[in-house]
Amino acid sequence: MTSTSRTRSDGTISKDNGAVRPEHGTISKDHGAVRPEHGTAPEDHTAGAEKKQVTQVRGNTRPHDGARTGRRRARLGAFGVAGVLALAVVLLMAVATVWPGLIAPGDPDAIAPRDAFAAPSLAHWFGTDESGRDVFTRVVHGTRQSLGIGAAATAIGVGIGLVIGMLAGLGPRLVDSALSRVIEVLFALPSLVLALLLVSVMGAGVTPTLVAVGLATAPGYARILRSQVRSVAASPYVEAARLEGQPALFVFFKHIAPNTLWPLVAVATLGVGQAIVWVSALSFLGLGALPPSPEWGAMVNGGRVYLVRAWWLTLAPGLAITMTAAALTVLGRRLGRVGAA
């Protein structure tokens with residue numbers, strides 16, 4: 001074995017026994033393999049990054065789906081069994097409004113004097129009145145008038161309240177102050193008393209009753225909507241949208257309107273039941289629908305004369321008013337909880 005000598009730059013001589021020393025690990029004597037400078041291959045970094053990214057995507061997807069499922073369960077839980085029952089009653093009333101013959105086929109005004117004051121039985125579920133008319137048929141067919149008038153009156157009140165509330169909530173301070181004073185003056189009178197005042201001015205009948213109840217309920221909707229609009233308009237996401245330079249109409253329809261109208265839907269559902277009670281009260285007083293109309297309030301008015309002899313004449317339409325108003329009230333409260341969830 002021979003050895004070679006090298007002269008270093010400092011003048012000394014070193015012996016390396018014939019071995020070639022690798023510089024910076026580029027050539028290795030072991031197995032003749034080329035070693036990388038940093039010990040890992042670029043391919044390993046790329047594969048690891050891809051695996052990490054896939055893991056992150058999967059990890060991000062699962063909580064998102066879980067949150068969505070949790071919100072859905074929270075909404076169903078907020079609706080509850082009472083909400084489902086109330087919805088079933090309201091749907092039944094809607095069917096009776098659109099297609100009453102499906103539930104009670106027959107003429108609600110057909111008289112049969114021989115069957116007058118018949119007690120409730122299998123032939124006549126709710127008995128008959130003084131003219132022999134089937135009370136069950138009249139109650140079912142009267143749903144169209146009672147529920148229809150209540151819904152129409154609520155629509156009038158919500159429409160007027162929507163205009164006043166939006167103007168007061170988004171308009172200049174002077175407009176807001178003037179409309180707020182008007183709303184407070186109207187709130188000084190109870191809504192039913194205000195409806196009676198309007199009916200006395202416009203006259204008795206179905207149309208004046210509808211308009212009077214709608215006008216009497218408008219201040220309540222306007223006050224609720226004004227408060228909701230001002231709260232949403234001052235929220236951080238609306239302020240951020242305005243700072244981004246988005247148009248005012250886009251901000252209104254994208255952010256303000258959706259977050260304002262949903263609570264109003266729940267309140268309006270409650271308002272339909274209240275309007276039905278008020279319309280029936282006006283008809284009971286002889287200011288709304290008049291006999292022989294099968295409207296529930298008019299039926300209660302007609303049956304009060306025979307309350308001792310034929311109690312079912314008052315009980316049947318009274319139960320219909322109570323059940324419908326209660327179902328709409330429960331449904332409105334559940335809708336409010338679902339929107340909050």
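Biologist: Which residues does Trp125 touch, not counting residues up to four places away in sequence?

Modeller: The model is a predicted one. In it, Trp125 is found in the loop between H1 and H2. The C-alpha atoms of Trp125 and Phe136 are separated by 6.2 Å, although these residues are eleven apart along the chain. Once residues up to four places away are set aside, the residues touched by Trp125 are Pro120, Asp134 and Phe136.

Biologist: Is Trp125 buried or exposed?

Modeller: A residue counts as exposed when its relative accessible area is over 50%. Trp125 has a value of 55%, so this residue is exposed.

Biologist: Which residues are the closest to the centre of the largest pocket?

Modeller: The largest pocket has a volume of about 350 Å³. Its lining is made up of 18 residues, and the closest to the centre are Phe126, Phe136, Val139, Ala320 and Met323.

Biologist: Which element gives the largest share of the lining of the largest pocket?

Modeller: Two or more lining residues come from each of helix H1 (42-98), helix H2 (135-170) and helix H9 (312-340). By class, the lining holds 17 nonpolar residues, one polar residue and no charged residues. The largest share, six residues, is that of H9.

Biologist: How much space lies in the second largest pocket, and which element gives the most to its lining?

Modeller: The second largest pocket holds about 240 Å³ of space. Of its 16 lining residues, the closest to the centre are Ser191, Thr217, Gly220, Tyr221 and Gln274. At least two lining residues are supplied by each of helix H3 (173-187), helix H4 (191-202), helix H5 (206-233) and helix H7 (248-284).

Biologist: How many polar residues are in the lining of the second largest pocket?

Modeller: Sorted by class, this lining has eleven nonpolar residues and no charged residues. The number of polar residues is five.

Biologist: Why do the buried residues of H4 line one face of the helix?

Modeller: In an α-helix there are 3.6 residues a turn, so residues three or four places apart point the same way. The buried residues in H4 are Leu194, Ala195 and Val199, whereas Ser200 and Val201 are exposed on the other side. Seen down the axis of H4, the buried residues line one face because they fall within an arc of 135°.

Biologist: How many helices and strands does the chain have, and what percentage of its residues count as buried?

Modeller: From the N terminus on, the elements run β-β-α-α-α-α-α-α-α-α-α, which comes to nine helices and two strands. Among contacts with a separation of 6 or more, 64% are between residues 24 or more positions apart. Of the 341 residues of the chain, the buried percentage is 35%.

Terms used. Residues numbered from 1 in each chain as written. Predicted model: local features only at pLDDT ≥ 70, side-chain atom pairs only at ≥ 80, totals over all residues. Heavy atoms only, no water. 1 Å grid on protein atoms, 1.4 Å probe; cavity = no way out; pocket = protein on both sides within 12 Å on 5 of 7 lines; lining within 4 Å. Points joined across faces, edges and corners; volume = space filled by probe spheres on them. Helix = DSSP H or I, 4+ residues; strand = E, 2+ residues; numbered from the N terminus. Nonpolar A, V, L, I, M, F, W, Y, C, P; charged D, E, K, R; others polar. Buried < 20%, exposed > 50% of the residue type's maximum accessible area, 1.4 Å probe, protein only. Arc of directions from axis to C-beta. Contact = heavy atoms within 4.5 Å.
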